[in-house]
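Subject: Structure for your review

Dear colleague,

Please find below the structure I wished to hand over to you. My notes on it follow directly after.

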2 protein chains.
Amino acid sequence: MILQPVLVDGVWRQPARPCGTFQAVNPATKKTLPDVYPISSFEEVEACLKAAHEAVDKLDSFSPDSIAQFLAVCADLLESRGQALAEAAHAETGLPVEPRLRTTELLRTTDQLRQAAAACRDRSWCRATLDITKNIRSKHGPLGGPVVIFGPNNFPFAFNSAAGGDFAAAIASGNPVIAKANPGHPGTTKLLAEVALDGLKETGLPRATVQMLYHFSPEDGLKLAAHPLIGATAFTGSRTAGLRLKAAADRVGKPIYLEMSSLNPVFVLPGAMAERKEQIAQEIFASCTIGTGQFCTKPGLVILKGDDQSESFLGIVENLFETNPPGLLVGRQAMDTIQAALKKMTRLGALILTGGREFPGPGYSFANTLLCVSGQQFLKHPQGLQVEAFGNVSLFVLFSHDAQLAEIAGQLDGNLTGTIYSQSRGHDDPLYERIAPILRRKVGRLLNDKMPTGVVVTAAMNHGGPFPATGHPGFTSVGIPASLLRFTALHCYDNVRPGRLPEELRDKNPTGSMWRLINGEWTQRDVA
Amino acid sequence: MILQPVLVDGVWRQPARPCGTFQAVNPATKKTLPDVYPISSFEEVEACLKAAHEAVDKLDSFSPDSIAQFLAVCADLLESRGQALAEAAHAETGLPVEPRLRTTELLRTTDQLRQAAAACRDRSWCRATLDITKNIRSKHGPLGGPVVIFGPNNFPFAFNSAAGGDFAAAIASGNPVIAKANPGHPGTTKLLAEVALDGLKETGLPRATVQMLYHFSPEDGLKLAAHPLIGATAFTGSRTAGLRLKAAADRVGKPIYLEMSSLNPVFVLPGAMAERKEQIAQEIFASCTIGTGQFCTKPGLVILKGDDQSESFLGIVENLFETNPPGLLVGRQAMDTIQAALKKMTRLGALILTGGREFPGPGYSFANTLLCVSGQQFLKHPQGLQVEAFGNVSLFVLFSHDAQLAEIAGQLDGNLTGTIYSQSRGHDDPLYERIAPILRRKVGRLLNDKMPTGVVVTAAMNHGGPFPATGHPGFTSVGIPASLLRFTALHCYDNVRPGRLPEELRDKNPTGSMWRLINGEWTQRDVA
């Protein structure tokens with residue numbers, strides 16, 4: 001049996017004594033794809049660690065411009081190989097080639113890489129802070145160990161461990177990467193790792209700056225997240241796996257950044273409902289079903305008042321869920337997870353309005369599913385009913401009075417996003433004022449009159465939030481330059497001789513335009 | 001028996017069903033001090049939590065100027081009560097009234113409070129980031145729960161849970177505080193909590209913004225650090241206690257910031273030794289014995305070449321350690337910890353050159369202690385020999401050749417600081433270039449030709465470092481405004497209506513001088 005090669009220390013090589021093998025499955029046909037991938041041994045993981053450790057030393061001597069150049073070359077190569085990438089990802093994830101993969105997601109991915117390259121060239125991201133009088137200077141710098149990235153199943157490019165947001169952020173901040181492919185799309189990840197290696201060759205960066213393994217055992221994953229040689233871990237995926245990794249990393253004080261689960265509550269206040277019911281129903285349907293609901297920011301919980309208005313509203317939404325055919329789910333496991341979540345919710349009193357069953361056809365598909373529960377019932381099981389069904393499923397909670405709405409808001413877990421739709425001329429303002437402060441503390445991003453899906457890559461974005469949405473409420477995984485700061489340590493230089501300072505902290509501004517905080521003032525000037 | 005009252009919900013009240021009592025001891029006389037303090041029940045802890053939870057809501061409606069005013073009033077009150085405070089702290093810690101307590105440490109404390117007040121008024125600390133085109137705006141904001149602070153035994157003012165750096169940072173970033181006194185100086189902490197309460201009364205802030213308990217069981221401490229109602233924990237103290245709290249907080253995803261232990265290695269390179277042996281010996285002695293060595297940044301490990309130079313150098317240092325009388329240690333436990341550390345070090349081959357025993361006299365005092373070990377022996381037990389002896393103790397490691405020095409550096413644990421002394425005209429540069437990059441990754445603050453004690457409160461400071469010095473390499477507990485960011489969540493506002501935005505994110509700059517990152521540029525201007 002020929003196994004697909006792994007990328008270790010700059011070389012595509014046959015796996016050393018793999019623990020097993022696996023193959024990807026086409027979700028559109030449920031057919032196993034031909035390529036066979038190794039489940040790496042810990043010996044192989046350690047080979048990556050050793051090579052990455054050496055790359056750390058070497059990378060230090062490369063300028064930010066060289067690192068930026070590598071990211072830019074990756075973006076160019078992704079574009080030139082876009083068709084092959086989209087086809088591979090389509091076969092492994094069932095996501096449509098157009099517009100999703102070939103256009104939307106690829107563009108997002110190249111844009112992220114280019115934004116990271118620009119941040120790297122600009123250098124302002126490192127927040128150089130200079131106290132000239134006392135000659136103490138600090139900035140954020142790389143961690144001194146590789147960043148291990150576990151990518152999710154739902155975005156084969158934009159969050160891929162070998163090309164996505166975490167990858168771009170880790171590289172731009174000067175760290176080597178050990179990418180673990182999501183086993184749902186190993187072939188896509190291989191193509192992306194090929195891009196990375198070609199980029200490394202073209203720009204002369206250390207070859208072990210990017211390494212890639214397809215899979216290893218969960219136990220080896222825990223050992224890796226706690227390994228003395230790593231700098232940090234970035235994980236996007238399920239809460240169960242995330243919490244296990246977190247425990248392993250926390251125990252030895254290794255930074256870990258997790259994006260685990262989120263229900264993204266959407267509050268539709270009565271005035272908004274009276275004003276623009278049809279429009280909101282359309283938006284909710286679109287947001288719940290884009291990517292077959294497999295977005296981290298899908299509204300899994302919609303809270304509205306249980307009255308005549310909402311009854312007719314529910315009718316509209318139900319009709320949209322029912323009459324539109326569902327998309328594909330990424331795999332068998334996604335179906336199982338949804339089934340388990342529905343079982344849990346219905347046992348706790350939620351009612352299935354539509355869907356709730358597999359959708360007939362050749363692929364992995366689940367009927368668009370809408371559930372509903374009263375506010376009173378929700379408050380009996382606020383934890384049990386906050387369960388993520390990762391896919392085209394949403395639970396509607398019908399509150400009976402304003403105090404109950406506030407209580408529901410108060411019971412929410414940490415989430416990536418929280419949204420409030422309110423009447424455009426201020427009719428809902430008193431209720432907004434009551435709910436928004438409660439919601440503010442529970443979410444990373446607070447939205448008005450707009451669905452949370454669509455996470456724009458901008459400096460002001462927060463794709464993060466309180467536990468259990470992530471592991472720390474102060475960091476974002478999307479948005480450059482903030483996302484880079486996750487993979488850094490604060491480096492202070494006290495009385496260090498001028499010639500020994502990193503360029504960013506010398507009197508002369510290294511780019512002429514880098515922003516630095518000098519004696520309390522943000523400036524692009526040299527030290528006078 | 002009359003127990004000292006606790007500060008709960010804005011009132012000094014008799015403890016409710018305490019679990020026990022304790023008294024402080026005067027380290028200068030080993031005599032128990034008269035006041036009796038309660039060990040609080042968890043019921044009392046929960047009363048604090050409930051009151052703090054309500055204070056969170058109320059605090060949100062106060063302007064940064066009001067919060068700044070409170071911090072400034074605290075600083076003023078501390079000054080006016082300086083003599084009483086210094087006397088109380090002297091009785092409980094044995095630290096000299098002058099210059100240490102009354103002048104140096106009090107000044108540092110009021111300076112910190114005033115810097116925090118200035119940061120609060122200035123508002124730039126929250127790093128407002130605006131994307132005007134996409135109408136996405138974000139900033140750091142309070143955690144939505146109180147910050148629980150565990151203060152250390154060595155700085156009764158500057159790191160006190162009711163007045164020190166963590167206190168100032170937590171309040172300035174808009175969070176209520178639950179202060180746990182260090183049981184070494186409960187009376188001092190009571191006086192500081194009185195200052196805080198008087199400050200709250202004078203400025204009209206919610207009374208439960210600062211609460212204080214003297215003590216509770218370690219188990220209740222773990223429950224508190226993991227409590228759903230808290231925002232975060234800040235801890236300065238021993239590694240053992242810190243790691244237990246960390247595990248409890250990590251398990252439930254509550255942020256915790258720890259400052260636990262550090263050896264602060266000092267490398268004296270051969271050229272520096274040849275050039276200014278006498279001066280460096282004096283500096284090492286001063287740095288190892290200031291505050292009787294009970295500084296987080298005391299050089300616990302000094303690395304130098306084992307040759308004729310260093311032999312005579314060791315002689316000078318030894319003489320200084322031996323002939324100068326030691327100061328007082330904060331308590332019995334400090335003596336025990338030192339004894340245990342010495343036992344461990346000598347068992348692993350370290351030799352005691354001088355000291356190593358209690359110092360005769362009425363108080364808790366330990367002879368200035370110098371140990372020494374060869375580089376070869378150190379490398380046999382690099383972990384076991386990196387043990388913090390919190391006090392006037394230092395271990396000298398004598399390396400035999402440059403490669404061994406690099407190996408020693410490579411074996412170092414995470415530390416707050418790392419220092420390299422080198423020859424002034426560049427003779428040591430090749431060795432510096434070899435050692436500095438290794439050390440850089442192991443420490444928060446890298447110094448040249450200067451001892452690490454003396455942690456200046458400036459924006460460029462890093463009093464932090466890789467695990468196990470702290471819990472996360474990206475944060476500092478000293479240095480304003482950076483220390484404030486620990487106690488915040490990243491708050492993003494996406495399409496939120498203008499009137500609903502916090503002032504810091506509106507088009508108009510709220511102070512006219514606050515620094516904001518608008519479309520990639522740091523500016524004090526309004527949005528055009």
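Which residue of β20(B) does Y493(A) stand opposite? In this predicted model, the residue facing Y493(A) is L446(B).

**The contact between the chains**

On the side of chain B, 55 residues are in contact with 55 residues of chain A. Elements that each supply at least two residues to the side of chain B touching chain A include β7 (129–131), β8 (136–142), α14 (429–440), β20 (443–448) and β21 (488–494) of chain B. The most comes from β21(B), which gives seven residues. Sorted by class, this side of chain B has 25 nonpolar, 17 polar and 13 charged residues.

Twelve strands make up an open sheet with mixed pairing, in the order β16(A)-β17(A)-β18(A)-β15(A)-β14(A)-β19(A)-β20(A)-β21(B)-β8(B)-β7(B)-β22(B)-β23(B). At its edges stand β16 (351–354) of chain A and β23 of chain B; each has a single partner strand, so one side of each is left without a neighbour in the sheet. On average, and ignoring direction, neighbouring strands of this sheet are turned by 25 degrees against each other.

Within the chain A part of the sheet, strand β19 (residues 415–421) and strand β20 (residues 443–448) of chain A run parallel and are joined by five bridges. There, T417(A) has R445(A) in β20(A) as its bridge partner. Helix α10 (residues 308–323) of chain A lies across β15 (301–305), β16, β17 (369–374) and β18 (393–399) of chain A, and runs at about 65 degrees to β16(A).

**Domains of chain A**

The domain assignment divides chain A into domain 1 (61–260 + 476–484) and domain 2 (266–448). Taken over C-alpha atoms, the centres of domain 1 and domain 2 of chain A are separated by 32 Å. Six residues from domain 1 of chain A and nine residues from domain 2 of chain A take part in the contact. The side of domain 1 of chain A that touches domain 2 of chain A has no nonpolar, five polar and one charged residues.

**Helix α8 of chain B**

Helix α8 (residues 239–251) of chain B has 13 residues, and the distance from its first C-alpha to its last is 18 Å, close to the 18 Å expected at 1.5 Å a residue. Its buried residues are G242(B), L245(B), K246(B), A248(B), A249(B) and D250(B). Among the elements that cover the buried residues of α8(B) are α8 (239–251) of chain A and, from chain B, α7 (218–225), β12 (232–236) and β13 (256–259). Just after α8(B), G253(B) has a positive phi of about 70 degrees.

**Backbone points to check**

Most residues other than glycine have a negative phi, and most peptide bonds are trans.

- E98(A) and P99(A) are joined by a cis peptide bond with omega of about -5 degrees; P99(A) is in helix α4 (residues 97–122) of chain A.
- F467(A) and P468(A) are likewise joined by a cis peptide bond, with omega of about 5 degrees; P468(A) lies in the loop between β20 and β21 of chain A.
- N135(A), which is not a glycine, has a positive phi near 55 degrees. Its place is the loop between β7 (129–131) and β8 (136–142) of chain A, and N135(A) counts as partly exposed because it has 18 C-beta neighbours inside 10 Å.
- N495(A), also not a glycine, has a positive phi of about 65 degrees. This residue is in the loop between β21 and β22 (516–518) of chain A, and N495(A) counts as partly exposed because it has 15 C-beta neighbours inside 10 Å.

**The segment after β23 of chain B**

Finally, A528(B) is in the segment after β23 (521–523) of chain B. Is A528(B) buried or exposed? A528(B) counts as exposed, because it has 6 C-beta neighbours inside 10 Å. The C-alpha atoms of A528(B) and Q294(B) are separated by 53 Å, and the two residues are 234 residues apart along the chain.

With kind regards

Methods
Residues are numbered from 1 along each chain as its sequence is written. Chains are lettered from A and ligands numbered from 1 in the order in which they are written. This is a predicted model: local features need pLDDT of at least 70, side-chain atom pairs count only at pLDDT 80 or more; totals for chains, interfaces and linings use all residues. Helices (H or I, at least four residues) and strands (E, at least two) are DSSP runs, numbered from the N terminus. A residue is buried if 20 or more other C-beta atoms lie within 10 Å of its own, exposed if 12 or fewer, and partly exposed in between; C-beta atoms are placed from the backbone. The expected span of a helix is 1.5 Å times one less than its number of residues. Two residues are in contact if their C-beta atoms, placed from the backbone, lie within 7 Å. Ala, Val, Leu, Ile, Met, Phe, Trp, Tyr, Cys and Pro count as nonpolar, Asp, Glu, Lys and Arg as charged, and the others, Gly among them, as polar. Two strands pair if DSSP finds at least two bridges between them. Domain bounds come from an automatic or database domain assignment. Axes are lines fitted to C-alpha atoms, for helices over the stretch in contact, and angles run from 0 to 180 degrees between N-to-C directions.
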